[in-house]
Amino acid sequence: MSSDANSKKMGLVGLTVLVAVNMMGSGIIMLPASLAQVGTISLLSWVITALGAMCIAYTFAKCGAICKRSGGMSAYSEEAHGKSSFFIASYTYYVCLVISCVAIAVSAVGYIKPFMPWLDTPMHTFFGVVAILIVTMLANFGGPKITGQISSLTVWGIILPVLGLSVVGWWWFDPQTFISAWNPHHDTTMHSVSSGIALTLWAFLGIESAGANSDAVENPERNVPLAVLFGTGFAAVVYILSTTVIQGIIPNAELANSTAPFGLVFSHMFNPTVGNIVTIAAVIACIGSLLGWQFTNAQVSKSAAEEGLFPRIFAKTNKAGAPILGMLIMLAAELLLALMTISPNLVSQFNALLNLAVFVNMVPYILSMTGLEVMLRKNKVTPAQYKLGATVGTLGVIYSIYGVYACGAEAVFGGTILTLFGYIFYGFIAARDINTDEVKTNVIEKEVNV
């Protein structure tokens with residue numbers, strides 16, 4: 001390849017920044033309140049999740065570098081488990097993003113509440129979530145260009161405050177406040193750490209897209225895995241620092257009941273005006289993140305429809321390239337889920353959605369990561385490369401299984417039912433494929449006879 005072509009590609013530093021920014025979206029903005037219910041012992045959960053997330057990130061980076069087919073996790077999954085797993089991985093990822101979008105909308109409403117106290121009732125919260133979901137979905141009708149521009153700008157509304165808190169927040173940090181909140185419920189260490197695992201894992205969802213830019217990177221075999229590890233590591237450090245410092249500034253009981261924890265901490269550090277500015281920036285970041293995730297999910301279903309694994313209606317697009325009909329179906333599913341998860345406590349509703357999303361997302365994670373060993377064998381890598389990839393991949397799978405356990409019985413029960421419904425849908429698709437194959441066979445036989 002010419003040096004001119006290489007000069008236009010992204011280097012290690014640029015890709016590392018991209019990976020970190022993509023991961024550090026709106027997923028963290030409600031976490032300090034959720035983690036306060038566990039206690040500051042959740043710091044241990046962050047450490048375990050950071051290590052597990054780096055194993056997952058490295059595995060996906062290797063899968064992306066080896067597998068050149070479209071489909072992402074679904075394609076990796078098919079390498080080991082066949083065509084049905086391509087569908088199940090696509091289906092569960094789609095369901096996970098539907099749940100995640102509702103959770104992000106709930107986060108946005110939580111941050112809006114200080115300005116609109118009447119959102120405090122469950123029904124008013126529900127109408128607020130509905131309004132945000134509808135507005136962001138309508139904005140997606142303009143196509144990928146507009147969505148990309150808005151998302152890339154608004155995400156900084158939460159990244160900058162979180163980075164700032166990680167650096168300057170220590171001037172307000174009180175060790176006694178942090179220590180007193182270590183284990184407020186006096187649970188065992190194992191139980192407390194497990195309670196925080198699903199919460200911290202939520203912040204890393206989206207890690208599967210980290211290796212999706214290999215075609216635009218210099219020396220991808222080396223730089224993609226390194227950038228994924230460095231980017232994930234950087235995000236982990238920022239997550240740990242920001243949530244630790246906030247737990248040492250705001251008393252645990254106050255933090256656990258907050259619906260806008262980052263706005264609250266900046267109010268404590270400076271004044272309510274600064275806190276309101278950060279809160280508004282977080283709302284904008286939530287809306288931009290929701291915009292991006294809704295479009296991503298529309299593309300997931302569109303790709304699956306083009307592969308013949310989702311109904312064809314999901315593949316129909318408008319002049320701007322937006323799959324509007326698929327988006328409307330997704331919006332209906334989001335609104336139904338928002339109605340089903342109405343809760344008197346907004347943080348409780350967020351936690352329920354978070355646990356369900358994490359469990360459902362672990363299904364395609366585990367299916368796809370177990371495809372790495374097959375791909376390594378097919379590509380006849382060296383024994384050392386195989387050993388490293390298989391070891392890290394296995395650790396990523398084991399951590400993902402632990403993440404499933406940490407989601408709790410209710411999330412596992414509900415998520416399992418949702419996953420099993422996917423097999424019903426696949427049964428119709430598999431039957432349709434058999435009918436198509438029979439038609440093709442009959443046509444060939446007729447041609448031979450003629």
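Predicted model: local features only at pLDDT ≥ 70, side-chain atom pairs only at ≥ 80, totals over all residues.
Just after helix H19, glycine 408 takes a positive phi of about 95 degrees. H19 covers residues 383–406, 24 residues in total. From its first C-alpha to its last it reaches 34 Å, close to the 34 Å expected at 1.5 Å a residue.

Lysine 380 is not a glycine, yet its phi is positive, about 50 degrees. Most residues other than glycine have a negative phi. Is lysine 380 buried or exposed? Its relative accessibility is 73%, and the cut-off for exposed is over 50%, so lysine 380 counts as exposed.

A second residue of this kind is histidine 186. Its phi is positive too, about 55 degrees, although it is not a glycine. Histidine 186 sits in the loop between helix H10 (175–180) and H11. With 70% relative accessibility, histidine 186 counts as exposed.

How many of the residues of H11 are buried? Ten of the 14 are, so the helix is largely enclosed by the rest of the structure.

Next, the empty space. Rolling a probe the size of a water molecule over the atoms shows where such space is left. The count comes to one cavity of 30 Å³ or more. About 50 Å³ of space lies in the largest cavity. Which residues line it? They are Pro122, Thr125, Phe126, Val129, Ala338, Ile342, Ser343 and Gln349. Helix H7 (residues 122–139) gives the largest share of this lining, four residues. By class, the lining of the largest cavity has five nonpolar residues, three polar and no charged.

The second largest pocket holds about 970 Å³ of space. It is lined by 36 residues, and the closest to its centre are Val95, Ile99, Leu337, Leu356 and Leu418. Four helices each supply at least two lining residues: H6 (83–112), H16 (324–340), H17 (346–369) and H20 (409–449). Which helix gives the largest share of this lining? H20 does, with twelve residues. The lining of the second largest pocket divides into 28 nonpolar, six polar and two charged residues.

Last, the cysteines. How many disulfides does the model have? The count is zero. Take cysteine 67, which is in no disulfide. The nearest cysteine sulfur belongs to cysteine 63 and is 7.8 Å away.

Key
Residues numbered from 1 in each chain as written. Heavy atoms only, no water. 1 Å grid on protein atoms, 1.4 Å probe; cavity = no way out; pocket = protein on both sides within 12 Å on 5 of 7 lines; lining within 4 Å. Points joined across faces, edges and corners; volume = space filled by probe spheres on them. Nonpolar A, V, L, I, M, F, W, Y, C, P; charged D, E, K, R; others polar. Disulfide = S-S within 2.5 Å. Buried < 20%, exposed > 50% of the residue type's maximum accessible area, 1.4 Å probe, protein only. Expected span 1.5 Å × (residues − 1).
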